[in-house]
Amino acid sequence: MGVLLRKVYVYILPYQGNYPTRLLQLPPLVLLPMTSSSFSRRSFLLTLGTGLAGTAVLAACARTGLGSSNASYLVYVGSYGPADQENIVLYRLTPATGALTRVLGAKGGAAPSFLTVDTQHRFLYAVNEVDNYQGTPNGGVSAFAIDRKTGGLTLLNQQASGGTIPCYISLDKQNRHALVANYGNGTVAALPIGPDGQLRPASSIDQHQGHGPHKNQTNARGHCLLPDPAGKHFFAVDLGNDTVYGYTLDASGKLLGQSGPAFKAKPGAGPRILTFHPTKPLAFLINELDSTMTSLAYDASRGTLTEIQTLTTLPASFTEWNACADVHVSPNGKFLYGSNRGHNSLVVYAIDQNSGRLSFVEHVMLPGKTPRSFTFDPTGRTVLVAHQQSNTIVTYFADANTGRLTPTGTSVELPAPVCLQVYPDFLRS
């Protein structure tokens, strides 16, 4: 009587973030030898179940884009914590659970409220949000070297920010210039970066003009300066005069302005921060003063923005004070999120991938006050929210299909967190 060998072929569909990749065939499962008379449906299922136990875990990890349940990211947090204390804090994020584990803290000087890290994770740059830097009418910008073994920071040098109360910093694609928006007097500046990571004095400062009808718009107020996804055009959002300015940056580090505004918001809107869609020619502008979100078509060749739609960020029943803060697109490009300070919520919209129009999904009521900053981990699985006034960071799971958020139950405490930046866990590489 012959022996029957049976094979079961198993396939998984891995995901990168929220996107399916190539279908993979796992090594076949060979069922235990058995005679034709002993083979039964029950024995087949028992053997198959044993073989698939490990495969199920692999499939779950592949679906989220995580290598394992221990996959992690690093989160640098900027804050308004006291200058004599550790006011830049490093956490490790585990997206599978939403857990944040403190790694270390560093002294970032006065009010290191907004920060960024170069693409090679060698240097961290932070604004010092003050209006008097070394006796001059400026804020400061600090450069730190990152210890690639510990994540610790060593101060390299500081420079004047080219204006007062700097509140935003980004880098060009080549990591050759730090780009700073100054809220106090409405300037934007470019500061060259040397090969050693140190900042040079500002190579270009542009003064915005004008004001708006709102009481908080008595003068121009720079609130954001960042490159587009290609690194060709740079955009400065001015809350004080309801304008988005477009620039290019020449080899000498000079900001060259467009002949006219890249976009004009509604008077009194108070545009605050601009963000781009990861794959579509779209951008989104959150407006602080009138609590609205604007969807924009982006012409990358000309560096211009055209309004598609503007929606409120608040429920119709809410009539109290509110000021919008941060804005992000989910990594899969399907959903847009904005934060409300006052209503203390995140608003969620679905993004029509063809038209760029937004449709309301939900308001996520937050457990803390003043959600100044929030962000995603790169997989899109976890959302982190920083509450400035209640001194906490909380995390949520994000549903890739619906955009809705579910609390993870994780919360950490630190003084006045106002900036969250997530990076690969280079300490484990």
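These legends walk through several close-up views of one predicted model.

The model is predicted, so local features need pLDDT of at least 70 and side-chain atom pairs count only at pLDDT 80 or more, while totals for chains, interfaces and linings use all residues. Residues are numbered from 1 along each chain as its sequence is written, and side-chain values use heavy atoms, with hydrogens and water left out.

View 1. Helices (H or I, at least four residues) and strands (E, at least two) are DSSP runs, numbered from the N terminus. Of the 429 residues here, 56% are buried, where buried means under 20% relative accessible area with a 1.4 Å probe, counting protein chains only. The accessible surface comes to about 18400 Å², and carbon and sulfur atoms own 54% of that; these areas come from the Shrake-Rupley method with a 1.4 Å probe. Now for contacts, meaning heavy atoms within 4.5 Å: among those with a separation of 6 or more, 49% join residues 24 or more positions apart.

**View 2. Strand 11 (residues 123-128), covered on both faces.** Six of the six residues in strand 11 are buried. On one side sit Phe-123, Tyr-125 and Val-127, and on the other Leu-124, Ala-126 and Asn-128. Strand 11 pairs with strand 10 (residues 115-117) in the antiparallel sense over three bridges; two strands count as a pair if DSSP finds at least two bridges between them. Strand 11 also runs antiparallel to strand 12 (residues 140-146), with six bridges joining them. Keep an eye on Tyr-125: Thr-116 stands opposite Tyr-125, and in strand 12 the bridge partner of Tyr-125 is Ala-143.

**View 3. Two hairpins, each with a positive phi.** Strand 10 and strand 11 form a hairpin with five residues between them, and His-121 in the turn has a positive phi of about 60°. The hairpin of strand 12 and strand 13 has six residues between the strands, with Gly-151 taking a positive phi near 85°. Strand 13 covers residues 153-160 and runs antiparallel to strand 12, the two being joined by seven bridges. Look there for Gly-140 and its bridge partner in strand 13, Ala-160.

**View 4. Thr-116, a residue of strand 10.** Thr-116 has 11% relative accessibility, so it counts as buried. Leaving out residues up to four places away in sequence, Thr-116 touches Phe-123, Leu-124, Tyr-125, Ile-169, Ser-170, Leu-171 and Tyr-423.

**View 5. The largest cavity, with about 110 Å³ of space.** Rolling a probe the size of a water molecule over the atoms shows where empty space is left. On a 1 Å grid over the protein atoms alone, a cavity is a set of points where a 1.4 Å probe fits but cannot get out, and lining residues have an atom within 4 Å of a point. Grid points are joined across faces, edges and corners, and a volume is the space filled by probe spheres set on the points. The model has two cavities of 30 Å³ or more. Residues lining the largest cavity include Ser-113, Phe-114, Tyr-168, His-223, Asp-326 and Cys-419. Strand 14 (166-171), strand 23 (271-276), strand 31 (371-376) and strand 35 (417-424) each supply at least two lining residues. By class, this lining has six nonpolar, three polar and three charged residues; Ala, Val, Leu, Ile, Met, Phe, Trp, Tyr, Cys and Pro count as nonpolar, Asp, Glu, Lys and Arg as charged, and the others, Gly among them, as polar.

**View 6. Cys-419, a residue of strand 35.** Cys-419 is buried, with a relative accessible area of 1%. The residues it touches include Tyr-76, Val-77, Gly-78, Ser-113 and Ser-373, not counting residues up to four places away in sequence. Tyr-80 is 339 residues apart from Cys-419 along the chain, yet their C-alpha atoms are separated by 9.7 Å.

**View 7. The largest pocket, with a volume of about 1400 Å³.** A pocket is an open set of points with protein on both sides within 12 Å along at least five of seven lines. Of the 40 residues that line the largest pocket, Lys-173, Leu-226, Thr-275, His-328 and Gln-421 are the closest to its centre. Strand 35 gives the most to this lining, with five residues. The lining divides into 22 nonpolar, twelve polar and six charged residues.

Methods: Buried means under 20% relative accessible area, exposed over 50%, partly exposed in between (1.4 Å probe, protein chains only).
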